[in-house]
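Student: I would like to learn how to read the features of a structure model. Can we go through one together?

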Amino acid sequence: MPADRKGRRKPTAYEVSFPDEILTIDSNSTTEVPDHGKPYLPPSGTLVPEHKYFPVKRKSGGQKDTVYLLQDFAFFDWWQDMVLLPELDGHFELGSRDINGAGMICVEGHEPDFICIEPIQSYDINLADPDGSMYIETERARYCLGVPSAQYRSQFRKIFLPYRIIQTIMSSAKDQPGQEYKDFLTKFLKMEIVGDTPEEGDIWDCVPRLRHAIENLEGNLRVTTLVEFLLYSPRPQMMLRIIKPSGLGNMRRKAKAKKKPEVIDLTVSD
């Protein structure tokens, strides 16, 4: 496969034609990371290596049971271009070693600092937990993801949004088995997920993942009113959002409409 001057692999014709194709990862093979973004810019200028905080690897009896909160984070490839985490269903082992990360961490005995995270081994999220966070693991530590950095927020939202929606659906169905879809939708549209409000279409985009999640969990959530409606109803046609002209624009248009044409006097005086 040809590469550019920086040694990066050029995309194939298939990848150019289908950039949004779902990535399937084999944990026993090397995986190419999709969706290369802008270069990551560390806020502190210099990142502290992860091993400075965690000199002992987890598999050797280090920080195996301790979870550290990672704030202001981002994930990037070998060239420090920000990338998405691959999609997962439940706990998914990453076969690739080319996803690194960075973020602010606070460890007892140290000042809060931005560290560079070694290649991610895996990440997971508990769909049955209504407030469930996403977790990543490296050879040295396990991290709970907090708020992403401003520069990585849009990319993180793409991967986190569907799982957060499934968490919300399952939690609502469990707490209120008889809740109607319209009542759920009213509350859902007032939520904020990674700095933005979701849309109704986001719910229906998640139905295939919801079906898979329900099948792999214990309980009878499938027979609740909300879940049953989502699984067996056709996707409704969404109303297009119509952006109304601003008040200033209306004033300008009205003023223009009322303006009388200018009359030029062509009479020649003696």
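This is a predicted model: local features need pLDDT of at least 70, side-chain atom pairs count only at pLDDT 80 or more; totals for chains, interfaces and linings use all residues.

Student: Which residue in E7 stands opposite Asp124?

Tutor: Tyr135 does.

Student: Where does E7 go next, and how many residues does the hairpin use?

Tutor: A hairpin of 4 residues takes E7 into E8. E7 and E8 run antiparallel, with 3 bridges between them. Read the partners residue by residue. Ile136 has Tyr143 as its bridge partner in E8. Glu137 has Arg142.

Student: Is the pairing of E2 with E8 parallel or antiparallel?

Tutor: Parallel, over 4 bridges. Here Val67 stands opposite Arg142 of E8. Arg142 is also the bridge partner of Glu137.

Student: Which way do the side chains of E8 point?

Tutor: Arg142 and Cys144 point one way, while Tyr143 and Leu145 point the other way. Both sets are buried.

Student: Now the rings. What describes a pair of aromatic rings?

Tutor: Two values describe such a pair: the distance of the centres and the angle of the planes. This structure holds 13 aromatic pairs. One of them joins Phe54 and Tyr143, at 6.3 Å centre to centre with 70° between the planes.

Student: Is that pair edge-to-face or stacked?

Tutor: Edge-to-face. The cut-off for that class is over 60 degrees.

Student: Why does this pair tie together parts that are apart in sequence?

Tutor: Look at where each ring sits. Phe54 is in the loop between helix H2 (50-53) and strand E2 (67-76), and Tyr143 is in strand E8 (residues 142-145), so the pair links parts 89 residues apart in sequence. Phe54 and Tyr143 are both buried.

Student: How is the pair of Phe73 and Phe75 classed?

Tutor: That pair is tilted, with centres 5.7 Å apart and 45° between the planes. Phe73 is buried, at a relative accessible area of 0%. Phe75 is buried too, with a value of 0%.

Student: Which residues do ring pairs link into a cluster with Phe73 and Phe75?

Tutor: Tyr152, Phe156 and Phe160.

Student: What lies over the face of Tyr163?

Tutor: Arg209 does, at 5.5 Å from the ring centre.

Student: Let us turn to helices. At roughly what angle do the axes of H6 and H7 cross?

Tutor: Roughly 125°. The axes of helix H6 (residues 207-215) and helix H7 (residues 225-232) come within 10 Å. That angle makes H6 oblique to H7.

Student: Is the crossing of H6 and H7 left-handed or right-handed?

Tutor: Left-handed.

Student: Is Gly195 buried or exposed?

Tutor: Exposed, because its relative accessible area is 51% and the cut-off is over 50%.

Student: How many residues separate Gly195 and Val147 in sequence?

Tutor: They are 48 residues apart in sequence. In space, the distance from C-alpha to C-alpha is 9.4 Å.

Student: Can you recap E8 for my notes?

Tutor: E8 pairs with E7 in the antiparallel sense and with E2 in the parallel sense. Its Tyr143 is the bridge partner of Ile136 and forms an aromatic pair with Phe54.

Definitions and conventions
Residues are numbered from 1 along each chain as its sequence is written. Side-chain values use heavy atoms; hydrogens and water are left out. Rings of Phe, Tyr and Trp (its six-membered ring) pair if their centres lie within 6.5 Å; planes under 30 degrees apart count as stacked, over 60 as edge-to-face and the rest as tilted. Helices (H or I, at least four residues) and strands (E, at least two) are DSSP runs, numbered from the N terminus. Buried means under 20% relative accessible area, exposed over 50%, partly exposed in between (1.4 Å probe, protein chains only). A charge sits over a ring if NZ of Lys or CZ of Arg is within 6 Å of the ring centre and within 35 degrees of the ring normal. Two strands pair if DSSP finds at least two bridges between them. Axes are lines fitted to C-alpha atoms, for helices over the stretch in contact, and angles run from 0 to 180 degrees between N-to-C directions. Angles under 35 degrees count as roughly parallel, over 145 as roughly antiparallel, 65 to 115 as roughly perpendicular and the rest as oblique. A crossing is left-handed if the near helix is turned anticlockwise from the far one by less than a right angle, and right-handed if clockwise.
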